[in-house]
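Some labels used for structures rest on simple cut-offs.

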Protein chains: 2
Amino acid sequence: MQNSEAMALSAALLAAAGELTQRINEGVVARGFEGMRPAHGFAFTRLAPDGATVTELAAHLGVTKQAASQLVDEVVRKGYAERRDHPGDARARLIVLTERGWACTRAAEEVAAEVVGEWVELLGEGEVRVLGRHLARIAPYGPIRPAW
Amino acid sequence: MQNSEAMALSAALLAAAGELTQRINEGVVARGFEGMRPAHGFAFTRLAPDGATVTELAAHLGVTKQAASQLVDEVVRKGYAERRDHPGDARARLIVLTERGWACTRAAEEVAAEVVGEWVELLGEGEVRVLGRHLARIAPYGPIRPAW
DNA sequence: ATCTATGGTCAAGCTGCTTGACCATCTGGT
DNA sequence: ACCAGATGGTCAAGCAGCTTGACCATAGAT
């Protein structure tokens, strides 16, 4: 495969990721979750199942734990999450979503489904599923970082 | 398609984009182009064919023209590009790559080809081509923004 | 019992972006 | 030809989000 072809693929991937992120964020904000940034959403995906520690969150976001801690401060202040004592480790705090945090997460999923729905119209559902499977094989559970 | 499925696809897309960007940047830096950041590479892809104005660059990167101008300052100072008079518009300057700028661009293409080569090993060349075509249809020539 | 590693926070600083103001030049209407 | 508004570009100031460095409390190992 030619270098220029690889570069075109890279550019398309980046453009798609950037547009998707922007649209999800705009949709979430439009649904009444003001002051939310994409990073909050990515944090929520890590907090969603059972909560997480600041250190785990930092690893997931690819930032320092200080940065993650500041981000937690912010979402706690805005009412999307709360710090609880960690069961079994008195040093750690378990960050969990509040009901409003869950509502925000559901809103993000709805918007994502809208955007992906447009892709389905363009490419067909089967092709979009294939796209998802291939992308999942390319980037299996790495940290989610800003594209640049 | 379920909301959770759309969210998983979104996460995979973002993770793939983030990893690709990081690896290309690391590869470029490792080849001797120190101090380069991903944003520089994205700027170069716009400058590459025939140069561009600061305003065009700003639109391509999705930032203000002041930010684009600062970025141009930086790459000019580092020897990757130069400001020339714009033929046909005395207000504007045409930013063009220097030879070193072209070398950096070629290096980025090489690294991108390496990474995409790994995807080809995973998925096969045909599937990767399909991936590229689909992504190109999803995000046709939008600005390349940071993922968050 | 101690020593080291780990989770977390506080504080300070930096980088890259934004907003706002401004000048030079282009463009279109009169 | 001229003027008014639009456009390209830069300067300056401010800020948000991240980093590094220092520090404390607790865990786990020896």
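A polar contact is a pair of N or O atoms within 3.5 Å. The model discussed here is predicted.

Q: Why is the pair formed by A:Ala90 and a phosphate oxygen of DNA strand D called a polar contact?
A: A polar backbone atom of A:Ala90 is 3.1 Å from a phosphate oxygen of DNA strand D. The cut-off is 3.5 Å, so the pair counts as a polar contact.

Q: How do you know which residues come nearest to DNA strand D?
A: A residue is near the strand if one of its heavy atoms lies within 4 Å of it. There are 19 residues around DNA strand D, and those that come nearest are A:Arg37, A:Gln66, B:Lys65, B:Ser69 and B:Arg91. By class, this surface has five nonpolar, seven polar and seven charged residues.

Q: Why is the pair of B:Arg129 and A:Glu5 called a salt bridge?
A: The label needs a side-chain nitrogen of Lys or Arg within 4 Å of a carboxyl oxygen of Asp or Glu. The closest N and O atoms of B:Arg129 and A:Glu5 are 2.6 Å apart, so the pair qualifies. Across the interface of chain A and chain B, the rule finds two salt bridges.

Q: Which helix of chain A gives the most to the side that touches chain B?
A: Helix 1 of chain A does, with 19 residues. By class, that side of chain A has 36 nonpolar, eight polar and nine charged residues.

Q: How is the size of an interface often given?
A: It is often given as the accessible area lost when the parts come together. Chain A and chain B bury about 5,500 Å² between them, with 76% of it on carbon and sulfur atoms.

Q: What makes a residue of chain A count as buried, and what share does?
A: Its relative accessible area must be under 20%. Of the 148 residues of chain A, 47% count as buried.

Technical notes. Residues numbered from 1 in each chain as written. Chains lettered and ligands numbered in written order. Predicted model: local features only at pLDDT ≥ 70, side-chain atom pairs only at ≥ 80, totals over all residues. Heavy atoms only, no water. Polar contact = N/O pair within 3.5 Å; in protein donor to acceptor, adjacent residues only side chain to side chain. Nonpolar A, V, L, I, M, F, W, Y, C, P; charged D, E, K, R; others polar. Buried area = accessible area lost by both parts, 1.4 Å probe. Helix = DSSP H or I, 4+ residues; strand = E, 2+ residues; numbered from the N terminus. Buried < 20%, exposed > 50% of the residue type's maximum accessible area, 1.4 Å probe, protein only.
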